[in-house]
Amino acid sequence: MCSASVAARRSDADPWSWSSAPNDLLDIFEAGEYAIPELVRIRSRRPAVRVLTDDPDRSAVIAAGRVRCRAFPVVVITSNDEREFPPAFLRRCLQLRLPDPDADRLAAIVAARLGRADDPRAVELIQMFLECSRLEGGLAADQLLNAVYLVTSQAHRPGPEWEELLHAVWHRLDAAGPT
């Protein structure tokens, strides 16, 4: 029973950032359990507390404020290379690096999400996106989806404002933004 959120084990009085999350996860995996501080504080009055889980209409009993694992969980973390992970954490990970999508893959993504991959404006945007992504050092596919949605909707008006909007939207998300 390790489906409880790691974030749930921290209170506002004990803030943490994503920079400490990998080491926090390693601690949990090694111990096979973690404490929920709010429940630990009341354990003398309420030794067992029933809490709702992430599963619809399910709950679990937390004894003495500690969540104990019966089996090691599978945890999926995506980063898009936006943050560094400590070497000790990475040694315990199965890393999967996906290549950036090409024009055909992007067209399939647009078709699956918006059904507009055959629109000539979408085809042109895919090519523009690939070039901009190459120049920027990588862009997220949802940035393309937003642009395709705008250009194929009634909101699109060609002109300098459109170019300015693309410039504002198509930049690396880990950067401060366009200058």
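**Rings, helices and a few loops**

Tutor: W170 is buried, with a relative accessible area of 4% (buried is under 20%, exposed over 50%, partly exposed in between, using a 1.4 Å probe and protein chains only).

Student: What sort of model is this, and how are residues numbered?

Tutor: The model is predicted, so local features need pLDDT of at least 70 and side-chain atom pairs count only at pLDDT 80 or more, while totals for chains, interfaces and linings use all residues. Residues are numbered from 1 along each chain as its sequence is written, and side-chain values use heavy atoms, with hydrogens and water left out.

Student: OK, back to rings. How many aromatic pairs turn up in the whole structure?

Tutor: Two, from a search of the whole structure. In one of them, the ring centres of F129 and W170 are 5.4 Å apart and the planes sit at 80 degrees, so the pair is edge-to-face. For the cut-offs, Phe, Tyr and Trp rings (for Trp, the six-membered one) pair with centres within 6.5 Å; planes under 30 degrees apart are stacked, over 60 edge-to-face, and the rest tilted.

Student: Which parts of the chain does the F129 and W170 pair tie together?

Tutor: F129 belongs to helix α5 (residues 120-136) and W170 to the segment after α7 (160-169), so the pair links parts that are 41 residues apart in sequence.

Student: And F129, buried or exposed?

Tutor: F129 is buried, at a relative accessible area of 3%.

Student: Let's zoom out. How many helices and strands are there?

Tutor: The protein chain has seven helices and four strands. They're DSSP runs numbered from the N terminus: H or I with at least four residues for helices, E with at least two for strands. Along the sequence, the pattern reads α-β-α-β-β-β-α-α-α-α-α.

Student: Switching to helix packing. What do I need to describe two packed helices?

Tutor: The angle between their axes and the distance between the axes. Here the axes are lines fitted to C-alpha atoms over the stretch in contact, and the angles run from 0 to 180 degrees between N-to-C directions.

Student: So how do α6 and α7 cross?

Tutor: The axes of α6 (residues 141-152) and α7 come within 10 Å and cross at roughly 160 degrees. The two helices are therefore roughly antiparallel (under 35 degrees is roughly parallel, over 145 roughly antiparallel, 65 to 115 roughly perpendicular, the rest oblique). On the α6 side the contact uses Q143, A147, L150 and V151, and on the α7 side W162, L165, L166 and V169.

Student: What about α4 and α5?

Tutor: Helix α4 (residues 103-114) packs on α5 at about 125 degrees, with the axes 10 Å apart. That makes α4 and α5 oblique to each other, and their crossing is right-handed. A103, L106, A107 and V110 of α4 meet I126, Q127, F129 and L130 of α5, so F129 from the ring pair shows up again here.

Student: I was also looking at I109. What does I109 touch?

Tutor: Not counting residues up to four places away in sequence, I109 touches A141 and L145. I109 sits in helix α4 and is buried, with a relative accessible area of 18%.

Student: And S133?

Tutor: S133 is in helix α5 and counts as buried at 12% relative accessibility. Leaving aside neighbours within four places in sequence, S133 contacts G138 and L139.

Student: Last one, P47. Where is P47 found?

Tutor: P47 is in the loop between α2 (37-41) and β2 (48-52). P47 is exposed, at 54% relative accessible area, and touches I62, A63 and A64, not counting residues up to four places away in sequence.

Conventions:
Contact means heavy atoms within 4.5 Å. A crossing is left-handed if the near helix is turned anticlockwise from the far one by less than a right angle, and right-handed if clockwise.
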